[in-house]
Amino acid sequence: EKELLAVSSISDYWERDGFTSEYMKTQYDLIKRYAVKIKRIFIVSQKHMEQLSAEMLEQHNHGVEVHYIVSDAGFCPTEWKKEDFLIQDGRLLVDMKEIDSHKPGDQGREIITIRESSVNDKVKLFNKMLHASKLFAPKKENAEV
């Protein structure tokens with residue numbers, strides 16, 4: 001209805017063309033038609049940052065508030081590197097657990113819950129991560145100095 005908060009740490013998540021393009025079309029539609037605010041934090045290694053910068057720019061250009069935390073820069077707690085979740089309107093949590101990859105055969109699990117304590121804990125975590133993150137800003141080409 002109003003807000004989606006998301007943390008993305010699974011390194012190959014955005015490499016799934018068919019799935020992610022449909023997934024993001026739906027989110028862009030939510031922004032455009034219903035003014036849903038979407039904030040996404042990418043937890044990404046410095047090496048993978050270059051690969052994901054185009055995805056971050058695409059989402060930014062469609063109205064997603066994009067943030068990032070460089071996982072190997074020394075400022076990212078180890079436990080955050082495995083966090084991958086989405087919170088809808090502070091009421092519903094979709095939490096990916098024990099997932100390192102979205103390739104076939106991955107043995108992780110997806111937990112979907114409306115348990116208030118679980119949702120509230122993830123909202124608190126999201127806010128901590130947001131505070132520690134950097135806001136994605138596209139590089140300005142030919143910027144004057």
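This report walks through the sheet of a predicted model, the helix packed on it and one of its pockets.

Residues are numbered from 1 along each chain as its sequence is written. Because the model is predicted, local features need pLDDT of at least 70 and side-chain atom pairs count only at pLDDT 80 or more, while totals for chains, interfaces and linings use all residues; side-chain values use heavy atoms, leaving out hydrogens and water.

Let us start with confidence. The chain has a mean pLDDT (the predictor's confidence in each residue, from 0 to 100) of 89, and 88% of its residues reach 70 or more. Among the elements (DSSP runs numbered from the N terminus: helices are H or I, at least four residues; strands are E, at least two), the lowest mean pLDDT, 86, belongs to helix α1 (residues 17–34), and the highest, 98, to helix α3 (residues 116–132).

Now to the sheet. It is open and mixed, with seven strands in the order β6-β5-β4-β1-β2-β3-β7. Since β6 (109–113) and β7 (134–135) each have a single partner strand, one side of each edge strand has no neighbour in the sheet.

Three residues separate β4 from β5 in a hairpin, and aspartate 89 in its turn has a positive phi of about 50°.

Helix α2 lies across β2 and β3, and runs at about 170° to β2 (axes are lines fitted to C-alpha atoms, for helices over the stretch in contact, with angles from 0 to 180 degrees between N-to-C directions; contact means heavy atoms within 4.5 Å).

Helix α2 (residues 46–61) also gives the most to the lining of the second largest pocket, with four residues. The lining includes Met49, Leu57, Tyr68, Phe136 and Lys139. A pocket is an open set of points on a 1 Å grid over the protein atoms alone, where a 1.4 Å probe fits, with protein on both sides within 12 Å along at least five of seven lines; lining residues have an atom within 4 Å of a point.

Note on methods:
Two strands pair if DSSP finds at least two bridges between them.
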